[in-house]
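Let's take a walk through a model and see what its numbers can tell us. Have a look at the structure below, then read on.

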Amino acid sequence: MKKNDNHISIMIGSLLVMLGILLPTIVESSSTYMIENMEASILLRDSGKLVIISILYVAKYTMIFFFIFFGGILVIHGKFNRNGNLIWQLLYALTILLILFIYNYLHKEGFSYIGILLTLAILLFIQGFIPRRKNFYLIYSVLLFIVLLAMSWMQLIPWLSKFGIGTNDIATSLKIADHYLTGNYLLNTLASLFFILFLIISVILTFLLNLLNKRIIAMEKIQEGEQELKAARIALVESKLHEEINSLVHDLKTPLTTMEGLSSLIKMRLEKSGETSIKNYLERMGSSIQKMNDMISEILYEHNKQPISIKELLEYVTSHLILAEQNIEIVVNLEGNLPPICVNKIRFSRAISNLLENAISSMAGKAGSIHVNVNRVDKHIVFRIIDNGQGIKTSHLHAIWDEGFSTRNSSGIGLSFVKSVVENHHGTIQVSSVPGSHTQMNIILPIHEEGEKAYEYNNLSR
Amino acid sequence: MKQFIPTFIGICLACFLLTFEMVNPSSGKINTYPNLPVPIAMEDILITSAGQAVESAVLKSIADNLNLESDYRPRALATDLYEYKSVVMIVGYSKNGLSQTLRNVKEEFHRAKELVQEAEKNSIPVILVDISGVLREDETTWGLLESIIPHTTYYIGLKNSKHSRDLRMLLKEHHVPTTLVNEIKEIEVPFNSAYR
């Protein structure tokens with residue numbers, strides 16, 4: 001729980017306790033009503049009125065004690081932030097006893113501490129079974145209400161008076177009136193019945209809650225296990241798929257090598273015969289084969305990088321982009337004299353493409369614009385991709401880099417791939433977004449100085 | 001099991017307090033009357049309260065049942081005595097009952113004391129009734145008993161009472177004829193005997 005929440009909890013709790021203490025003064029008219037009707041009940045010998053007064057009594061004191069007990073738990077929870085341990089429970093009990101001592105002192109109603117202690121004992125017992133989850137307060141308030149109903153009825157049981165229970169003024173008056181009118185038959189039956197009924201309800205409810213909680217925990221464990229299993233399966237499938245694709249792409253190199261060798265052979269033969277036009281065609285064919293070979297190497301080996309001008313890279317990316325009849329304008333702004341960057345062309349292009357495709361998707365079929373600005377900042381090249389689409393929710397800004405995270409039912413690997421490619425180029429990627437306004441993705445790449453090792457694993461491709 | 005320690009402490013404390021709350025049956029010996037051999041009072045009766053507990057109305061109900069001429073005036077003053085030939089005072093302090101009047105506890109003490117003193121002065125018998133038994137044994141009720149008993153002609157109460165030893169000693173000291181009953185309804189017989 002955050003510090004702010006703690007303060008709110010203490011504040012609300014204190015207010016509830018104050019309300020509970022002051023409530024008898026606020027609803028003093030209810031006492032007048034009860035006293036007047038009790039008198040009328042005795043004079044008219046009408047025990048029916050006693051039933052109504054008993055219900056009113058239970059309602060009034062259940063409400064008062066509800067505010068005190070619930071306020072007390074909010075104060076203790078906010079102050080000590082420890083829910084459920086031994087010290088916390090003792091502190092709660094002491095706080096409630098102190099508050100009720102103040103209540104008794106102020107109102108002089110003479111509530112016996114035996115009844116209060118028994119109520120506390122039942123509540124602390126029940127608390128042990130309430131799950132410490134987000135609905136704790138709701139569950140606790142329902143159980144508290146039922147327990148307090150039971151305990152308020154208990155105060156009205158005449159045969160418990162000899163044990164010091166139900167010694168407060170109105171309960172005493174009710175019992176004496178009932179003694180005269182029915183020989184305590186009415187309250188002994190009615191109050192005992194309701195006391196037992198509400199106590200049983202609270203016990204059953206606690207038992208069911210405990211059972212439900214155990215079920216939820218078991219289900220959560222099963223779900224967790226299932227998710228782990230699913231993740232492991234996906235990882236296995238992906239790894240196998242990756243292996244398959246790699247071997248397939250690798251297999252492409254074999255016929256390419258044959259084609260390259262044969263074209264060289266034909267070229268040598270043609271050189272001897274002096275045929276020039278076919279020789280030119282063969283040279284262009286050889287160059288294309290070489291390019292294809294390089295591309296395959298870049299797909300296969302992510303550390304395989306080569307210097308490329310930013311303009312060429314972005315032209316390559318935008319030429320492969322499918323705008324599918326959407327009215328989207330892509331504006332590319334490049335700073336003058338930008339140095340070439342050393343990247344794995346295929347992978348880095350794919351990363352930029354992913355960002356642009358995401359930007360296009362965020363337009364949700366509406367017209368919009370995407371600005372791609374590239375600048376040099378110190379020893380870095382900064383790619384800024386800004387779109388005026390729907391934006392990303394602030395709560396999602398961290399999660400978007402997680403593999404599998406998606407709000408559009410896609411695979412959710414696009415942005416995690418982008419991040420891994422950028423990091424593989426010793427760069428960083430940042431995102432900022434205002435929902436409903438825009439999203440900005442910044443890729444910051446270091447510039448490789450001349451002479452620095454730029455070709456990694458180049459030999460592996462040959 | 002550790003989590004149930006506070007519950008256990010709460011129950012133990014409640015049991016501990018219970019030993020103090022339980023009524024001690026041992027009480028001082030006193031000679032009581034099942035009912036008075038001769039009437040001591042006459043109608044009209046002023047039925048009033050000392051402490052404003054609502055159960056004062058019980059005596060009015062009993063008086064009506066016995067066809068005794070009576071007025072129920074729980075807040076009656078000493079000046080109201082001129083039209084009555086006997087006073088029945090029901091003792092029992094009720095915070096809520098007193099809050100219905102404009103008096104505080106001290107003023108209620110004063111009113112009750114003044115009323116019984118005035119009755120004594122005018123030779124009007126005062127019958128003191130306590131039907132709250134173990135239920136109202138606070139200091140205020142006991143204080144009221146202490147101040148009224150010396151001016152009482154006849155006392156009717158319940159047998160079951162925590163302060164019964166002190167009460168019996170007090171009644172004995174002031175030579176107040178006493179009748180103790182088990183149930184509130186049993187008051188009818190001794191109450192009737194005071195008038196007929």
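## Charges

First, a bit of bookkeeping: Lys and Arg count as positive and Asp and Glu as negative, while His and the chain ends are left out. Each charge is placed at NZ of Lys, CZ of Arg, CG of Asp or CD of Glu. On that basis, chain B carries 20 positive and 24 negative side chains, with the centres of the two sets 4 Å apart. Chain A has 40 positive and 38 negative ones, and there the two centres lie 5 Å apart.

## What you're looking at

This is a predicted model, where local features need pLDDT of at least 70 and side-chain atom pairs count only at pLDDT 80 or more, while totals for chains, interfaces and linings use all residues. Residues are numbered from 1 along each chain as its sequence is written, chains are lettered from A and ligands numbered from 1 in the order in which they are written, and side-chain values use heavy atoms, without hydrogens and water.

## Chain A

How does the radius of gyration of chain A compare with that of a compact globule? Chain A comes out at 39 Å, whereas a compact globule of 462 residues would have one near 23 Å. That radius is taken over C-alpha atoms, and the globule rule is 2.2 Å times the number of residues to the power 0.38.

Of the 462 residues of chain A, 44% are buried, meaning under 20% relative accessible area (1.4 Å probe, protein chains only).

## Chain B

Now for chain B, with its seven helices and six strands. Starting at the N terminus, they follow the order α-β-α-β-β-α-α-β-α-β-α-β-α. The C-alpha atoms here take up a box of roughly 70 × 40 × 30 Å along the principal axes, and 53% of the 196 residues of chain B count as buried.

## Where the chains meet

How many residues does each chain bring to the contact? Chain B gives 39 and chain A gives 37, with contact meaning heavy atoms within 4.5 Å.

The area buried between the two chains is about 3500 Å², and carbon and sulfur atoms give 68% of it. Buried area is the accessible area (1.4 Å probe) that two parts lose on being put together, summed over both.

Note on methods:
Helices (H or I, at least four residues) and strands (E, at least two) are DSSP runs, numbered from the N terminus. Buried means under 20% relative accessible area, exposed over 50%, partly exposed in between (1.4 Å probe, protein chains only).
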